[in-house]
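User: Could you take a close look at one spot in this protein for me? I'd like to see how a single residue sits in its surroundings, and what the rest of the chain looks like around it.

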Amino acid sequence: MKVKGILSEEKVTLPQVREVLLGVESQRIAAEKEMSYEFRRSIEHANQLVKTTPEKSQALVVELLKLEKMKPEIAYRIANIMPKTRDELRAIYAKERFTLSLEELDAIIETVVSHF
């Protein structure tokens, strides 16, 4: 498959990607088309890493964006990874030019746990 151009671009969470991939898979099965190795591996990857539903992940992103020091890129990364500990969360914020206090880390983790 060759990509000729980008029509649009938007951020999505991994559960949303999985939902789209499964929709494409069902269309290909119905049309009796062969699925490429890369496509099958993409579905496997999404199935292994998804920890919540698309609706819950999008609600988590909305809640995270309400917090201070939260960028959209980081909110989507948190929704994809669903960190459970402060260390996992610090790893996500490692490239940022600021550090989070323990209270801010705990607030983010509580938000993540509430959407699990």
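Analyst: Let's start with the whole chain and then zoom in. Among contacts between residues at least 6 apart in sequence, 55% link residues that are at least 24 apart. Keep in mind that this is a predicted model.

Now for the surface. The chain exposes about 8400 Å², and carbon and sulfur atoms supply 53% of that. Buried residues make up 30% of the 116 residues. As for charges, there are 19 positive and 19 negative ones, and their mean positions lie 5 Å apart.

Time to zoom in on Glu96. You'll find this residue in the loop between helix 5 (86-92) and helix 6 (102-114). Is Glu96 buried or exposed? Its relative accessible area is 19%, and buried means under 20%, so Glu96 counts as buried. Who touches it there? Setting aside neighbours within four places in sequence, Glu96 is in contact with Lys71 and Ile74.

So here's the picture to take away: Glu96 is a buried residue in the loop between helix 5 and helix 6, with Lys71 and Ile74 as its contacts once those sequence neighbours within four places are left aside.

Methods
Residues are numbered from 1 along each chain as its sequence is written. This is a predicted model: local features need pLDDT of at least 70, side-chain atom pairs count only at pLDDT 80 or more; totals for chains, interfaces and linings use all residues. Side-chain values use heavy atoms; hydrogens and water are left out. Helices (H or I, at least four residues) and strands (E, at least two) are DSSP runs, numbered from the N terminus. Buried means under 20% relative accessible area, exposed over 50%, partly exposed in between (1.4 Å probe, protein chains only). Contact means heavy atoms within 4.5 Å. Accessible areas come from the Shrake-Rupley method with a 1.4 Å probe; for residues, only the protein chains shown count as cover. Lys and Arg count as positive and Asp and Glu as negative; His and the chain ends are not counted. The place of a charge is taken as NZ of Lys, CZ of Arg, CG of Asp or CD of Glu.
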